[in-house]
Amino acid sequence: MEVVNRLLTESLSDYLKNLPVPKSLFGFARLSVTEWASLVPFVGAVSLIVYMSVQTFKPKPPPQKSPVNLKIQKETPKVVNMVDIEDLGEKVTYCRCWRSKKFPLCDGSHNKHNEETGDNVGPLVLKRKS
């Protein structure tokens, strides 16, 4: 902690004293290239601190609402699939992520969807009792 104290109280104050800050706005026009270059680290550090402070307190935007169904039966007002229980085999797997190429049956597309979005959606599995 002593090193940080020395850096802030001695080194930083010496650095700030040696910065070529003009007394008026017109004084900036008289600064040499070397003097401008010596101002760059200070201006960059202050800009970074201001940016990070603003980002910390800036309100987060509300999550955007987007449709779940991107392409399946978009011409119909509501997607409804009817299946007779008698037509089911021993086990059937239905899609719940709306990404399956064999919709309404699951083809495992939820795995890629989950990796890309961090979601945890899986299929609906129906099976007959043994």
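The model is predicted: local features need pLDDT of at least 70, side-chain atom pairs count only at pLDDT 80 or more, and totals for chains, interfaces and linings use all residues. Residues are numbered from 1 along each chain as its sequence is written, and side-chain values use heavy atoms, without hydrogens and water.

**Domains**
- The chain is split into domain 1 (1-57) and domain 2 (64-129), with bounds from an automatic or database domain assignment.
- Between the C-alpha centres of domain 1 and domain 2 there are 58 Å.

**Helix H2**
- H2 covers residues 33-57; helices are DSSP runs (H or I, at least four residues) numbered from the N terminus.
- At Val40, H2 bends by about 30 degrees, and Pro41 follows within four residues. The bend is the angle between axes fitted to the seven residues ending there and the seven starting there.

**Salt bridge**
- The structure has one salt bridge, a side-chain nitrogen of Lys or Arg within 4 Å of a carboxyl oxygen of Asp or Glu.
- Lys112 and Glu116 form a salt bridge at 3.9 Å, N to O.
- These residues, Lys112 and Glu116, are four apart in helix H3 (residues 109-117), about one helical turn.
- Lys112 is exposed at 57% relative accessible area, and Glu116 is exposed at 59% (exposed means over 50%, with a 1.4 Å probe, protein chains only).

**Ends of the chain**
- Met1 lies in the segment before H1 and is exposed, with a relative accessible area of 82%.

Methods:
Helix = DSSP H or I, 4+ residues; strand = E, 2+ residues; numbered from the N terminus. Expected span 1.5 Å × (residues − 1). Buried < 20%, exposed > 50% of the residue type's maximum accessible area, 1.4 Å probe, protein only.
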